Amino acid sequence: MTEVDWRFRPATAQDAPWMAELRAQVMRPDLERLGRFDERRVRERFLTAYVPAHTRVIVADGRDAGLVALRPDGDALWVEHFYLSAQVQGRGIGGQVLAAIRAEHPAALLRLDVLQGSPARRLYERSGFVLEGEDPVDVYMAAAPQRAS
């Protein structure tokens with residue numbers, strides 16, 4: 001695995017088009033496997049839910065390479081819209097991003113959902129997320145708040 005220099009930057013409204021396109025590319029294989037891919041809807045769902053203030057761009061090797069959003073929901077934070085471009089997948093960034101989020105929010109219950117059969121589920125399990133429930137399309141996972149040592 002090649003070491004990757006990465007960081008977060010704040011997202012802006014101007015980031016929405018490329019983010020929607022990245023979402024479509026990343027999710028296409030899983031959505032097609034589940035018989036749920038719709039060329040227009042995959043982008044539209046992102047654009048209608050996009051909140052720049054909740055979103056960070058993942059910059060890797062000096063280029064915008066992904067995004068992650070943290071949506072507050074009561075006592076929990078939902079990890080949403082976590083996408084990395086194919087060029088940086090498999091290089092350890094995903095786990096590092098999740099570790100950074102957990103370190104920034106040690107007292108928060110983190111929740112997310114992942115499509116059934118998605119290889120991303122292994123990343124979430126390695127990062128401390130456990131199964132909360134599932135349906136025919138989604139798997140719901142959570143990572144408990146970290147205990148102070």
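**Exercise 1. Find which residue stands opposite A76 in β5, then work out how β4 and β5 run.**

Step 1. Look across from A76: the residue standing opposite in β5 is L109. Keep in mind that you're looking at a predicted model.

Step 2. Now zoom out to the strands.

Step 3. Follow the chain between them. From β4 the chain passes through helix α3 (residues 93–104) and on to β5, a β-α-β crossover that is right-handed.

**Exercise 2. Decide how β5 (residues 109–115) and β7 run, and list bridge partners.**

Step 1. Count the bridges: there are 6 between β5 and β7, and the strands run antiparallel.

Step 2. Pick out some facing residues. D113 is opposite Y140 of β7, and V114 has V139 of β7 as its bridge partner.

Step 3. Check how covered each strand is. In β5, 5 of the 7 residues are buried, so the rest of the structure largely encloses this strand. β7, residues 138–143, is mostly covered too, with 5 of its 6 residues buried.

**Exercise 3. Work out how β6 connects to β7 and in which sense the two strands pair.**

Step 1. Trace the chain: a hairpin of 3 residues takes you from β6 to β7.

Step 2. Check the pairing. β6 (residues 130–134) and β7 are antiparallel, with 4 bridges.

Step 3. Find a facing pair here. L131 stands opposite M141 in β7.

**Exercise 4. Classify the ring pair of Y124 and F129, and say whether Y124 is buried or exposed.**

Step 1. Start with the total: the model has 4 aromatic pairs. One of them is Y124 with F129, whose centres are 6.0 Å apart and whose planes make an angle of 65°.

Step 2. Compare the angle with the cut-off: planes over 60 degrees apart count as edge-to-face, and that's the label for Y124 and F129.

Step 3. Check burial. The cut-off for buried is under 20% relative accessible area. Y124 has 7%, so Y124 is buried. F129 has 2%, so F129 is buried as well.

Step 4. F82, Y124 and F129 are linked by ring pairs into a cluster.

**Exercise 5. Find what lies over the face of F8.**

Solution. It's R56, at 4.6 Å from the ring centre of F8.

Terms used. Residues are numbered from 1 along each chain as its sequence is written. This is a predicted model: local features need pLDDT of at least 70, side-chain atom pairs count only at pLDDT 80 or more; totals for chains, interfaces and linings use all residues. Side-chain values use heavy atoms; hydrogens and water are left out. Buried means under 20% relative accessible area, exposed over 50%, partly exposed in between (1.4 Å probe, protein chains only). Two strands pair if DSSP finds at least two bridges between them. Rings of Phe, Tyr and Trp (its six-membered ring) pair if their centres lie within 6.5 Å; planes under 30 degrees apart count as stacked, over 60 as edge-to-face and the rest as tilted. A charge sits over a ring if NZ of Lys or CZ of Arg is within 6 Å of the ring centre and within 35 degrees of the ring normal. A crossover is right-handed if, with the strands pointing away from the viewer, the path from the first strand over the helix to the second runs clockwise.
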